[in-house]
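Here is a model to go through by question and answer. Keep the structure in view as you read.

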Amino acid sequence: MELFKALRALRKEIAAEEKVPPYMVFSDKTLALMSAAKPENSSEILTISGVGEYMLDKYGARFLEVIAWRIKVMDLEIARERFERYMK
């Protein structure tokens with residue numbers, strides 16, 4: 001769920017920059033699919049419904065960056081939780 005929230009925040013930021021409604025960037029459905037698939041590169045994000053070449057060129061790098069960052073944060077949180085359980 002945290003990844004989805006991060007993607008929505010990025011979408012809102014882009015929409016504000018471009019002065020368009022957020023759904024014009026990507027729909028909630030597309031963001032949910034990104035959250036589930038966690039694409040790591042351009043080829044993978046293109047397999048998601050709602051992402052075509054135009055959207056990839058325009059927004060792909062920013063969304064892939066947020067996805068990669070959130071995955072690292074989630075991995076660190078899991079590692080911390082495991083360490084804390086181990087230390088009990």
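**Core and salt bridges**

Q: With which residues is Phe63 in contact, leaving aside its neighbours within four places in sequence?
A: This is a predicted model. Contact here means heavy atoms within 4.5 Å. By that cut-off Phe63 is in contact with Leu7, Leu10, Arg11, Ile14, Val25, Phe26, Leu31, Met34 and Ile45.

Q: How many residues does the largest nonpolar core have?
A: Leu7, Phe26, Met34, Ile45 and Phe63 have the most contacts inside the core. Helix 1 (2-18), helix 2 (28-37) and helix 4 (53-87) each supply at least two of its residues. The size of this largest nonpolar core is 21 residues.

Q: Is Arg11 buried or exposed?
A: Arg11 forms a salt bridge with Asp28, with the closest N and O atoms 2.8 Å apart. The pair links helix 1 to helix 2, 17 residues apart. Asp28 has 36% relative accessibility and counts as partly exposed. Buried means under 20%, and Arg11 is at 6%, so Arg11 counts as buried.

Q: Which residue forms a salt bridge with Lys58?
A: Lys58 lies in helix 4 and its partner in helix 1, so the pair ties together parts 40 residues apart in sequence. The closest N and O atoms are 3.6 Å apart.

Q: What is the N to O distance in the salt bridge of Glu13 and Arg62?
A: Glu13 is partly exposed at 42%, and Arg62 is partly exposed at 30%. Their side chains meet in a salt bridge, and the N to O distance is 2.9 Å.

Notes: Residues are numbered from 1 along each chain as its sequence is written. This is a predicted model: local features need pLDDT of at least 70, side-chain atom pairs count only at pLDDT 80 or more; totals for chains, interfaces and linings use all residues. Side-chain values use heavy atoms; hydrogens and water are left out. A nonpolar core is a set of buried Ala, Val, Leu, Ile, Met, Phe, Trp, Tyr and Cys residues joined through side-chain atoms within 4.5 Å. Buried means under 20% relative accessible area, exposed over 50%, partly exposed in between (1.4 Å probe, protein chains only). Helices (H or I, at least four residues) and strands (E, at least two) are DSSP runs, numbered from the N terminus. A salt bridge is a side-chain nitrogen of Lys or Arg within 4 Å of a carboxyl oxygen of Asp or Glu.
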